[in-house]
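Hi everyone, thanks for making time. Let me put the model up on the screen, and then we can walk through it together.

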Amino acid sequence: MNMTIAGNNLLAGTGPGEKEEARGVSLRMDEETFRAFYDRTARSVWAYLARVTGDRQLADDLLQETYYRFFRAGGSFESEAHRRNSLFCIASNLAVDTVRRGRGKHHVSLSDDPEIPAARVEGPGSSEWRSDLQRAMQQLSPAQREMLWLAYAEGSSHAEIASVVGVKTASVKQLLFRARKKAAALLRGSE
Amino acid sequence: MKKTMTREDERCEREVELLEALASGSSTKLSGVALHVESCEDCRDLLALAGAIISDRDLLRAEAVIPPSGMLWWRIQRRERDDALAAGRRVMTAIQGFTLAAGSVIVFGLAGAMAGGMGKAESTLRRFGGKVGEIISDAAVLPEISPAFALPVIAIAVAWIALAPVAAWVVLRKE
């Protein structure tokens, strides 16, 4: 059973530059297509990078690098979802490599950032739920953070999660369950 | 309070329903599983975690300060151009190095062929460039040149071999 939630409308936004890709022709995106794709996906990618690395400034750097590499890679995509997944693959590789090199250690606590406005979205539980979540996520491995985010924030399927994280599809179910139990225990411990 | 002993293959069958309710944000759907969540530890944990992640996602997306798409496109184009120039410079450097090495061999060969009666220098140059000089001499492409002209010719040849790649690089760089 695929224990992830339904995702966003992943087939939105097709243009002339994308028709060729829909037929599986290997093309680089033209400017219009690229910019439209960027506008649709950039905030999601940034949020993903910020949560996986735990560093907003690092997420800023990695965001641009992600799109640069995605553009240079080119490639053909069967669908918007496929293209989006490829983008997250690149982001994931960059984030994990950076965290392993130690750049993600000195992260900015979201709750301490004075620029963060008052929460416009009600979060669950206590008013410090966001700090609790961040602390819990930081105690997980990068792969676990990725899986939880992709499953619950992005609504990715197990196959998509597997391709991004670099594990077998059959392993995602078990790994995701373990990550979920660990994160939930950490959240309970924060209450 | 119901405690659910779960193994990885014995998860609550209402988890999918809970996740769909969270994803939709529908209060109706959420209220539909609320009673169950109160009695199921697994679903309670899932609600806390997935709910927090979804809310965090919405906040992060709203807070993200990302460069405009036009600016990013421009930066990517510029970086591609810079990368191409850097690759071109590397090629030019390699060509220049090869040309200098080849030129050195030719220069010594020319010097060996044209040294004539330069005494001690002749024997030294002939030792280094003897073979190449013989080849050039045998080809009879060089006229009879007196030793007085040999050094200027050699100097011009060396200068040309050394400076030609640099001049080409400067021209290409300006383009």
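Accessible areas here come from the Shrake-Rupley method with a 1.4 Å probe, and for residues only the protein chains shown count as cover. With that, chain B exposes about 10800 Å², and carbon and sulfur atoms supply 64% of it.

Some ground rules: this is a predicted model, where local features need pLDDT of at least 70, side-chain atom pairs count only at pLDDT 80 or more, and totals for chains, interfaces and linings use all residues. Residues are numbered from 1 along each chain as its sequence is written, chains are lettered from A and ligands numbered from 1 in the order in which they are written, and side-chain values use heavy atoms, leaving out hydrogens and water.

Chain B has 6 helices and 0 strands, counted as DSSP runs (helices H or I, at least four residues; strands E, at least two) numbered from the N terminus.

Now, how do the two chains meet? In contact terms (heavy atoms within 4.5 Å), 59 residues of chain A touch 44 residues of chain B.

On the side of chain A that touches chain B, H2(A) gives the most, with 12 residues.
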